[in-house]
Amino acid sequence: MTSPRVLLVLLAAVAAISAQNNPVFKKFEYKHSFRAPNLAQRDGSIPFWIVSGDAIASGEQLRLAPSMRSRKGIAWNKRAFVESENFQVDIALKIGGQGRVGADGLGIWYTSQLGALGPVFGANDFW
């Protein structure tokens, strides 16, 4: 009978060989990303993105909604993601306010079409 330790070593060896034969390439897709500094242009727009509703873009951040209830803002990428069938999303969020109860929620959508400002966390309620 094979011990679990030997089985794990064999699985690790098979995984290492498989990874060598099928390497994962990471590429930063700048047309599908944004980050500070110099996030927004002088007119408040973000290159390759549509920002609307109560959303405010500045040089350092994208504020989707002010610290008040029933406010909504959206940011949609203007370009379809056709660079690859496989992708990874890295998101860093900072959610804050001035101690008041605010914000109704947050949604992150991956769709085949651009959304519009709507009632479901700022986006459409029908796709």
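Trainee: Which way do strand 1 and strand 4 run, and how many bridges join them?
Mentor: Bearing in mind that this is a predicted model, strand 1 (residues 49-53) and strand 4 run antiparallel, and five bridges join them. Within that pairing, Val 51 has Ala 75 of strand 4 as its bridge partner.

Trainee: And is strand 4 largely enclosed or open?
Mentor: Strand 4 covers residues 73-77, and four of its five residues are buried, so the rest of the structure largely encloses it.

Trainee: Switching topic, how many aromatic pairs does a search of the whole structure find?
Mentor: The search finds three aromatic pairs. In one of them, the ring centres of Phe 34 and Trp 49 are 4.8 Å apart with the planes at 85°, so that pair is edge-to-face. Because Phe 34 sits in the loop between helix 1 (4-21) and strand 1, while Trp 49 belongs to strand 1, the pair ties together parts that are 15 residues apart in sequence.

Trainee: Are those two buried or exposed?
Mentor: Trp 49 is buried, with a relative accessible area of 14%, whereas Phe 34, at 32% relative accessibility, counts as partly exposed.

Trainee: Which residues do ring pairs link into a cluster?
Mentor: That cluster is made of Phe 81, Phe 87 and Tyr 110.

Trainee: What about the second largest pocket, how much space lies in there?
Mentor: The second largest pocket holds about 150 Å³ of space, and Phe 34 turns up again in its lining, along with others including Phe 28, Tyr 30, Arg 35 and Phe 48. By class, that lining has seven nonpolar, two polar and one charged residues.

Technical notes: Residues are numbered from 1 along each chain as its sequence is written. This is a predicted model: local features need pLDDT of at least 70, side-chain atom pairs count only at pLDDT 80 or more; totals for chains, interfaces and linings use all residues. Side-chain values use heavy atoms; hydrogens and water are left out. Buried means under 20% relative accessible area, exposed over 50%, partly exposed in between (1.4 Å probe, protein chains only). Helices (H or I, at least four residues) and strands (E, at least two) are DSSP runs, numbered from the N terminus. Two strands pair if DSSP finds at least two bridges between them. Rings of Phe, Tyr and Trp (its six-membered ring) pair if their centres lie within 6.5 Å; planes under 30 degrees apart count as stacked, over 60 as edge-to-face and the rest as tilted. On a 1 Å grid over the protein atoms alone, a cavity is a set of points where a 1.4 Å probe fits but cannot get out, and a pocket is an open set with protein on both sides within 12 Å along at least five of seven lines; lining residues have an atom within 4 Å of a point. Grid points are joined across faces, edges and corners, and a volume is the space filled by probe spheres set on the points. Ala, Val, Leu, Ile, Met, Phe, Trp, Tyr, Cys and Pro count as nonpolar, Asp, Glu, Lys and Arg as charged, and the others, Gly among them, as polar.
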